[in-house]
Amino acid sequence: MSTGSADHADIDFYFDPICPFAWMTSKWIRIVQAQRDYSVDWRFISLRLINSHLDYDTHFPEDYPAQHTAGLRLLRVASAAREQHGREAIGPLYAAFGARIFEAGPVEGRSPGWQGTPELAADALAEAGLPASLVDALEDTSRDAEIQAESDEALSLTGKDVGTPIVHFEPPAGVAFFGPVISRLPDEEQAGQLWDHVVGLARFPGFAELKRSLRERPQLPSFGVTAQETGKTEDWHAGSRRLKK
């Protein structure tokens with residue numbers, strides 16, 4: 001049964017639409033949400049904005065600036081949708097973004113940043129039952145201040161040396177944590193068990209971090225990994241396969 005108050009959801013989930021691990025975690029959270037009757041407030045954190053102080057050429061693979069910018073563009077659309085249609089519009093819109101970005105196989109020849117195109121945004125808006133006119137927000141940089149503020153809010157819960165997603169359970173006083181970063185989607189039984197373990201660990205007084213940078217490539221069609229396969233293990237140095245130069 002939902003424990004959220006009139007002012008707060010049971011879970012605040014901070015996401016960037018471009019992050020595959022945020023997408024995997026969100027799919028798990030949706031399973032838990034249905035099992036526990038939790039309310040979820042889908043909130044914004046922009047990888048492009050929280051990394052704006054870094055030199056992308058020396059810290060990231062070459063396609064990251066375009067990808068992170070695409071995520072910011074989609075968050076502008078989500079910001080406009082939330083403003084005009086309420087917070088309940090964001091869950092379906094994020095699901096529509098993710099389905100198009102991650103649940104289709106890799107396509108050769110796409111330019112970096114294809115995720116932030118008007119065509120993808122328009123298709124996602126249509127699926128979420130939202131007006132096509134919201135596509136115009138892709139270019140609306142006036143929304144970046146709101147997205148920056150929400151990103152800063154997310155980082156204030158965990159500290160700055162994290163990425164996406166950030167999960168805040170029973171806000172405002174409840175526990176918050178980065179991740180968990182998962183490469184495989186748990187089944188129905190595992191989903192609840194994993195949730196209980198993660199929350200139990202996060203609630204332990206003084207707990208700070210449990211981490212490894214070795215990750216399997218996520219079981220997502222966009223990575224060419226099926227649900228029956230185990231993705232190749234890679235070292236996501238600092239959480240993003242950063243390059244050392």
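I take helices and strands as DSSP runs, numbered from the N terminus, a helix having at least four residues and a strand at least two. I also note at the outset that this is a predicted model.

**Entry 1: Pro186**

With that definition in hand, I looked up Pro186 and found it in the loop between strand E4 (176–178) and helix H8 (188–203). Is Pro186 buried or exposed? Its relative accessibility is 10%, and because buried means under 20%, Pro186 counts as buried. I then listed what Pro186 touches, leaving out residues up to four places away in sequence, and found Trp28, Ile31, Ala191 and Leu194. As a check on distance I took Phe60, which is 126 residues from Pro186 in sequence and lies 30 Å from Pro186 in space, C-alpha to C-alpha.

**Entry 2: helix H6**

Next I turned to helix H6, which spans residues 118–127, and asked which of its residues are buried. I found Leu120, Ala121, Ala124 and Leu125 to be buried. They cover an arc of only 130° around the axis, which means that they sit on the same side of H6. I set beside this the general point that an α-helix has 3.6 residues a turn, so residues three or four places apart point the same way. On the face of H6 turned away from the buried side I found the exposed residues Glu119 and Ala126. What do the buried residues of H6 pack against? I traced them to helix H4 (64–85) and helix H5 (90–102). Just after H6, I noted that Gly129 takes a positive phi of about 75°.

**Entry 3: the whole chain**

I then stepped back to the protein chain, which has eight helices and six strands, and reading along the sequence I wrote down the pattern β-α-β-α-α-α-α-α-α-β-β-α-β-β. For 245 residues a compact globule would have a radius of gyration near 18 Å, and the 17 Å I found for the protein chain agrees with this. The C-alpha atoms fill a box of roughly 45 × 45 × 35 Å along the principal axes. Of the 245 residues, 47% are buried. Among contacts with a separation of 6 or more, I found that 71% come from residues 24 or more positions apart.

**Entry 4: surface and charge**

How far apart are the mean positions of the positive and negative charges? I counted 24 positive and 36 negative charges, and their mean positions are 5 Å apart.

Methods:
Residues numbered from 1 in each chain as written. Predicted model: local features only at pLDDT ≥ 70, side-chain atom pairs only at ≥ 80, totals over all residues. Heavy atoms only, no water. Buried < 20%, exposed > 50% of the residue type's maximum accessible area, 1.4 Å probe, protein only. Arc of directions from axis to C-beta. Contact = heavy atoms within 4.5 Å. Rg over C-alpha atoms; globule rule 2.2 N^0.38 Å. Lys, Arg positive; Asp, Glu negative; His and termini not counted. Charge placed at Lys NZ, Arg CZ, Asp CG, Glu CD.
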